[in-house]
Amino acid sequence: MDLDVFVATHQGEWARLDALARRRRLSGEEADELVTLYQRATGHLAKVQAAAPDPALVGRLTGLVSRARSAVTGVRTNGWQDVARYYTVSFPAALYRARRWWVPVAAVSVAATVLLAWWMATHPEVRNSLVTADALREMTRPGGQYEAYYSDRPASSFAAQVWTNNAWIAVQCLLYGIALGIPVLLVMWTNVVNLGVGIGLMASAGRLDVFLGLLIPHGLLELTAVFVAGGLGLRLGWTVIDPGPRTRAVALAEQGRSIIGMSIGLATVLAVSGVLEAFVTPSGLPTWARISIGVLAEVAFLLYALVLGRKAADGGEFGDVDAADRADLQPVAA
């Protein structure tokens with residue numbers, strides 16, 4: 001392709017498009033012309049990139065197309081409406097669409113935790129290989145380490161610490177997905193071991209009811225958020241292996257944007273669980289009341305993800321950023 005001839009042929013169109021893109025107000029005919037010229041310029045840019053990628057011309061056309069696109073789509077103003085839409089539409093839709101990943105992760109993790117706890121509780125030789133008898137008594141006695149953990153620090157600072165720790169676990173699960181999801185499995189297994197050992201040790205001391213009374217008020221919601229993060233990390237890892245009909249770059253971009261959005265929502269969920277862990281778990285409320293609060297929080301989240309999320313997904317929401325905020329993509333052959 002002769003670039004000089006190409007530029008000379010389309011120079012007038014580009015100048016007209018640039019002029020229209022810079023105007024604040026357009027008539028109906030000018031608006032139609034703007035859209036037509038924008039579409040042509042997009043095609044010109046794709047042609048230059050494919051046939052004769054001259055850096056100067058590519059940069060010029062990229063800037064022109066970007067300005068024209070802003071003029072065509074309009075400038076968006078982010079505000080409270082965007083925040084409300086995220087929490088009522090985008091986040092629940094993303095949770096619902098990812099359910100085939102995080103629900104199995106939750107089921108497998110819970111089953112593994114139960115088996116590990118049973119093994120720990122019923123096999124003294126396993127417990128003895130991990131902790132001494134004195135250490136076991138110190139951890140499981142009334143007022144011991146397992147119970148004191150929830151009340152030996154000011155509630156506000158404890159809530160912040162819990163949120164930071166759990167958010168870091170969730171971030172690890174989300175980010176490690178790019179490594180084919182393998183590190184995510186390690187993070188999830190570490191979580192299973194920590195929980196299974198604690199349940200098993202308290203059960204062996206005959207204090208399982210106390211431990212569950214301390215765990216359930218915050219743990220149901222907290223663990224669910226971790227399971228969601230783990231499922232998303234594994235989904236990202238699978239996208240690296242099998243991007244489907246999209247190019248790998250496009251598939252990873254879509255999953256990456258979704259994960260960034262999900263991380264904000266999961267941080268909010270973990271903040272709620274941190275508040276429960278700091279203010280409800282160690283409170284003087286009866287055990288049944290604390291457990292009820294935890295169960296209600298979990299049920300509310302599941303309804304949010306599976307009912308509200310399904311409604312949003314059925315409406316065509318994917319949990320990705322708005323179409324107006326996505327980059328223009330050149331079509332590729334299937």
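How are α7 and α10 oriented to each other, roughly parallel or roughly perpendicular? The axes of α7 and helix α10 (residues 182-204) pack at an angle of about 95° and lie 10 Å apart, and the two helices are therefore roughly perpendicular to each other. Angles under 35 degrees count as roughly parallel, over 145 as roughly antiparallel, 65 to 115 as roughly perpendicular and the rest as oblique. Axes are lines fitted to C-alpha atoms, for helices over the stretch in contact, and angles run from 0 to 180 degrees between N-to-C directions. Leu136, Met139 and Thr140 of α7 meet Leu201, Met202 and Ser204 of α10; contact here means heavy atoms within 4.5 Å.

This is a predicted model, in which local features need pLDDT of at least 70 and side-chain atom pairs count only at pLDDT 80 or more, while totals for chains, interfaces and linings use all residues. Residues are numbered from 1 along each chain as its sequence is written, and side-chain values use heavy atoms, with hydrogens and water left out. Helices (H or I, at least four residues) and strands (E, at least two) are DSSP runs, numbered from the N terminus.

Helix α1 (residues 3-22) has a kink of about 50° centred on His10. The bend at a residue is the angle between axes fitted to the seven residues ending there and the seven starting there. The buried residues of α1 are Phe6, His10, Trp14, Leu17, Asp18, Leu20 and Ala21, and they pack against α2 (28-51) and α3 (55-73). Buried means under 20% relative accessible area, exposed over 50%, and partly exposed in between (1.4 Å probe, protein chains only).

With α2, α1 packs at an angle of about 135°, the axes being 9 Å apart; the pair is therefore oblique. Their crossing is left-handed, a term for a near helix turned anticlockwise from the far one by less than a right angle, clockwise being right-handed. On the α1 side the contact includes Phe6, His10, Trp14 and Leu17, and on the α2 side Leu34, Leu37, Tyr38 and Ala41 are among the residues involved.

**Salt bridges**

A salt bridge is a side-chain nitrogen of Lys or Arg within 4 Å of a carboxyl oxygen of Asp or Glu. By this rule the count comes to nine.

| Arg137 | Asp134 | 2.1 Å |

Arg137 and Asp134 both belong to helix α7 (residues 133-140), where they stand three residues apart, about one turn of the helix. Asp134 is exposed, at a relative accessible area of 54%. In the second pair, Arg141 is partly exposed at 37%, and Glu138 is partly exposed at 33%.

Arg310 and Asp314 share helix α13 (residues 287-314) and are four residues apart, again about one turn of the helix. Arg310 is partly exposed at 48% relative accessibility, whereas Asp314 is exposed at 60%. Elsewhere, salt bridges with shared partners join Asp18, Arg22 and Arg67 into one network.

**A buried arginine**

Arg235 is located in helix α11 (residues 208-241) and is buried, with a relative accessible area of 13%. Leaving aside residues up to four places away in sequence, Arg235 touches Arg97, Ala98, Trp101, Gln255 and Ser258.
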